[in-house]
Amino acid sequence: MSQIVVESLWKRFQVAERKPGFVGALRGVFSRSYREINALRNVGFSVEPGELVGYIGPNGAGKSTTIKVLSGILAPSSGKCEINGLTPWLNRQQHVKNIGVVFGQRTQLWWDLPVVESFELLRDIYQVPTRDYKDRRDELVQTMQIEDLLDTPVRQLSLGQRMRCDLVAALLHRPSILFLDEPTIGLDAVSKLAIREFIRKLNRDHGVTVILTTHDMDEIEALCERIIVIDNGAIFNDGTLESLRSRVNPERRLKVEFSENIAFSHDDVRIVSREGNTLHLSFNPNRMTTTGLIQLLSESYPVKDLFVENPPIEEIIAQLYETNS
């Protein structure tokens with residue numbers, strides 16, 4: 001049985017409009033006009049327990065709006081959403097006991113309090129038994145390596161330190177679902193890797209269902225087997241990364257280093273770039289197999305080294321957006 005079920009979800013916003021300049025501002029005081037924006041348009045998907053799903057799209061696509069509806073912060077204009085059998089915006093108190101939410105640009109910690117006191121307040125809010133809370137807190141604190149930060153006021157934390165503390169805060173009540181909205185935005189490489197590994201371990205070892213929105217495609221490729229792509233409020237792809245590659249661009253890349261500068265051309269192979277004696281080649285494995293290309297190069301040219309890879313996920317997503325626009 002699906003843990004998350006979303007069907008025909010719409011969310012409309014009324015946006016005030018006014019003409020520029022003093023006259024436009026004056027008219028806006030007495031008479032306002034509005035236009036309607038569909039932030040979500042007939043969105044539908046389901047998520048099974050224990051899945052780790054990447055939810056991606058350009059700015060303004062509807063990612064954060066979807067997360068806010070799923071977490072019960074927003075009520076949709078129409079449609080159905082059930083999570084663990086509950087409707088988030090109607091059964092909010094029961095619903096929040098089963099979910100954790102982290103927004104990369106916001107914090108649920110109290111700005112002027114030490115981190116540990118924020119944790120204590122959250123324990124009271126979620127009514128977590130003291131013994132369970134201490135065991136869970138100590139486990140998460142050790143995993144995220146924030147022992148030295150517990151007595152530090154939140155306002156004095158760096159962005160990376162705060163994000164690690166926010167992740168711990170979101171998981172103190174042992175939620176079965178974790179919504180992550182840009183959790184690594186603005187972080188350095190070390191902090192990103194630490195949070196990425198934590199998410200992977202949480203999903204793999206504890207079976208926590210994770211929905212992750214991010215613009216970091218390396219993160220999506222490293223963590224998510226399934227990707228849902230949304231644009232202009234509507235979903236237009238839902239499947240594995242491999243199926244997305246096959247649908248948009250099935251090509252593969254071959255990086256070949258030769259022992260000398262060579263001239264190469266083939267009807268089924270495109271030269272992407274050349275760096276000295278190294279060629280970056282692109283080919284469609286449906287027309288030219290990887291083995292066939294390697295054999296051709298090895299028999300005809302002085303190959304020193306080679307490496308097979310897929311096109312960067314950023315290129316695939318960009319092509320998908322272009323196709324949809």
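The largest pocket holds about 440 Å³ of space. A pocket here is an open set of points on a 1 Å grid over the protein atoms alone, where a 1.4 Å probe fits, with protein on both sides within 12 Å along at least five of seven lines. Its volume is the space filled by probe spheres set on the points, which are joined across faces, edges and corners. Of the 19 lining residues, the closest to the centre are Ile-73, Val-101, Phe-103, Gln-108 and Tyr-126; lining means having an atom within 4 Å of a point. Elements giving two or more residues to this lining are α3 (92-96), β5 (99-103), α4 (115-126) and α6 (159-171). Strand β5 gives the most, with 5 residues.

The model is predicted; local features need pLDDT of at least 70, side-chain atom pairs count only at pLDDT 80 or more, and totals for chains, interfaces and linings use all residues. Residues are numbered from 1 along each chain as its sequence is written, and side-chain values use heavy atoms, with hydrogens and water left out.

Turn next to an open sheet. Its 4 strands pair antiparallel in the order β11-β12-β10-β13. Strands (E, at least two residues) and helices (H or I, at least four) are DSSP runs numbered from the N terminus, and two strands pair if DSSP finds at least two bridges between them. β11 (269-275) and β13 (303-309) are the edges; each has a single partner strand, so one side of each lacks a neighbour in the sheet. The twist averages 20° from one strand to the next. Axes are lines fitted to C-alpha atoms, for helices over the stretch in contact, and angles run from 0 to 180 degrees between N-to-C directions.

β10 (residues 252-258) pairs with β13 in the antiparallel sense over 6 bridges. There, Phe-258 stands opposite Val-303 in β13. Helix α10 (residues 290-300) packs on the sheet, touching β10, β11, β12 (278-283) and β13. Contact means heavy atoms within 4.5 Å. The direction of α10 makes about 15° with that of β10.

A hairpin comes next. Antiparallel strands β8 (residues 226-231) and β9 (residues 234-240) are joined by 6 bridges. Asp-231 stands opposite Ala-234 in β9. With 2 residues between the strands, Asn-232 takes a positive phi near 55°.

Finally, the cysteines. The count of disulfides is 0, a disulfide being a pair of cysteine sulfur atoms within 2.5 Å. The closest cysteine sulfur to that of Cys-81 is in Cys-224, 19 Å away and too far for a bond. Cys-81 is buried at 1% relative accessibility, where buried means under 20% relative accessible area (1.4 Å probe, protein chains only). Cys-165 is buried at 0%.

Definitions and conventions: Buried < 20%, exposed > 50% of the residue type's maximum accessible area, 1.4 Å probe, protein only.
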